[in-house]
Amino acid sequence: MTSENHGMHRGLKNRHIQMIALGGAIGTGLFYGSAQTIQLAGPAITMSYTIGGIVIFLIMRMLGEMSVDEPVSGSFSHYAYKYWGEFPGFLSGWNYWFNYIVVSMAELTAVGIYIHYWWPDIPPWVSAFVFLVIITLINLVEVRMFGELEFWFALIKVIAIIGMIVLGILMIFTGIGTGGQAIGFENLWIHGGFMPNGVWGLLLSLVIVMFSFGGIELIGITAGEADNPKKSIPKAVNQVIWRILLFYVGALMVMLIIYPWNKVGLEGSPFVQIFSKMGIPAAATILNIVVLTAALSVYNSGIYSNARMLYALAQQGNAPKAFIKLNNKGIPVAGVLASSACTLIAVVLNYLVPGKVFLYLISIAVLAAVINWVMIVIANLKFRAAKGAEAEKLEFKVPGYPFANYFCIAFLLMIVGLMFQIDDMKLSLYVMPLWLAILWGGFRFKKQVVVKKEELRR
């Protein structure tokens, strides 16, 4: 039984929202993508994640301000549509969907790499396909199932990272795993200095760092199915900066203290590589389970959020009406299946060009994420303008408004400029204008269809 009138079920509890927020902050960008950033910035990568984390925190506060005032499943697409205009709503919704499709494809690619660590004979595309089917089926059950799975995925990541930091600290100070000889802190500066590639290397690393934060705006998407959004959303958003400092900066700092940055390779997770080379195979195996969990977690979130975005777009009249239908569990089944089917492209790419897919997908995902974030920042400016004097009564205000908004826009434009300097990132700069042109064409076509329907009614 399907119906457009059931409405989504508010089945996500506070603990689900908090862990979903954690899941958005801890993914493949940390466990696998950090290898590329380390090569660019060296130990100064910790500064890159701190800078990027501050910007993301401000953007999440902007989204949180709107989500607490109007908790809807469409999130920033709804706010852009309502406070900015039809095309901004159309663009932000479809671009978010496209972004998370690309991110989901990157995560599936990473799954294949992690499985390859244990079973080298299994082609990465096979692993990607198997987990695609499993996660899709889970998302077709009910929203609480998604929330519960994400809760445990995120909990595993949190426990593992804390455990890794503790183990790393013991290695630094006591010599556990290194023959009883304490490592000390020399690795932070003896291999070319703390910032071996200078400020330029630090700036370039920010591009891949920002990919790590892509998807954190899922906090806003969950508002429509949170049982108490006015409590859970502010709490989740406010904890973003602390999670970033602990899980990204803390984990990377420990990793770079115990192992020379210039020996961190680009095959597999750097965390797994390091503990393997330090002679701690059990820790490496456990970490590989964790990084696999992290990739599956983000893919799980991707299928969830994309289905909800298609639902919101259909409500606006910006997507086919089939996506507005829910089953009796409140699940947008058509949206789940369509989004999952699109990520099959990752399986095909891993079959055709194994080993080259991940960085190409990162480059496209970064630019799509930048567009999402710019849309959130501008939608927040429009939202505040529409509220007028009522803005003073908002329960969860953006700190430093409107200067924080302008600062974030300038930073994001800088990221786009830096992408021109990285050869593997240039692909997205050529793809994205084509994607935006497709969106504009789709919007104009939709408008023409609406006009013709109105003429027929007359």
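Analyst: Asn380 is buried, because its relative accessible area is 0%; buried means under 20%, exposed over 50% and partly exposed in between, with a 1.4 Å probe and protein chains only. The model is predicted, so local features need pLDDT of at least 70 and side-chain atom pairs count only at pLDDT 80 or more, while totals for chains, interfaces and linings use all residues. Residues are numbered from 1 along each chain as its sequence is written, and side-chain values use heavy atoms, with hydrogens and water left out.

User: Where does Asn380 lie, and which residues is Asn380 in contact with beyond its neighbours within four places in sequence?

Analyst: Asn380 belongs to helix α17, residues 357-387 (helices are DSSP runs of H or I, at least four residues, numbered from the N terminus). Contact means heavy atoms within 4.5 Å. With those sequence neighbours set aside, Asn380 touches Met62, Glu65, Met66, Val398, Tyr401 and Asn405. A polar atom of the Asn380 side chain lies 3.4 Å from the backbone oxygen of Met62.

User: How many disulfides does the structure hold?

Analyst: A disulfide is a covalent bond between the sulfur atoms of two cysteines. The criterion is a pair of cysteine sulfur atoms within 2.5 Å, and the structure holds zero disulfides.

User: How many aromatic pairs does a search of the whole structure find?

Analyst: Rings of Phe, Tyr and Trp (its six-membered ring) pair if their centres lie within 6.5 Å; planes under 30 degrees apart count as stacked, over 60 as edge-to-face and the rest as tilted. The search finds 11 aromatic pairs. Among them, Tyr83 and Phe383 are edge-to-face, at 5.2 Å centre to centre and 90 degrees between the planes. This pair links distant parts of the chain, with Tyr83 in helix α5 (residues 75-83) and Phe383 in helix α17, 300 residues apart. Both Tyr83 and Phe383 are buried. Tyr96 and Tyr100 are also edge-to-face, at 5.6 Å and 80 degrees; both lie in helix α6 (residues 86-118), four residues apart, about one turn of the helix.

User: Which ring does the charged end of Arg384 sit over?

Analyst: A charge sits over a ring if NZ of Lys or CZ of Arg is within 6 Å of the ring centre and within 35 degrees of the ring normal. The charged end of Arg384 sits over the ring of Tyr401, 4.2 Å from its centre. Tyr401 is also one of the contacts of Asn380.

Definitions and conventions
Helix = DSSP H or I, 4+ residues; strand = E, 2+ residues; numbered from the N terminus. Polar contact = N/O pair within 3.5 Å; in protein donor to acceptor, adjacent residues only side chain to side chain.
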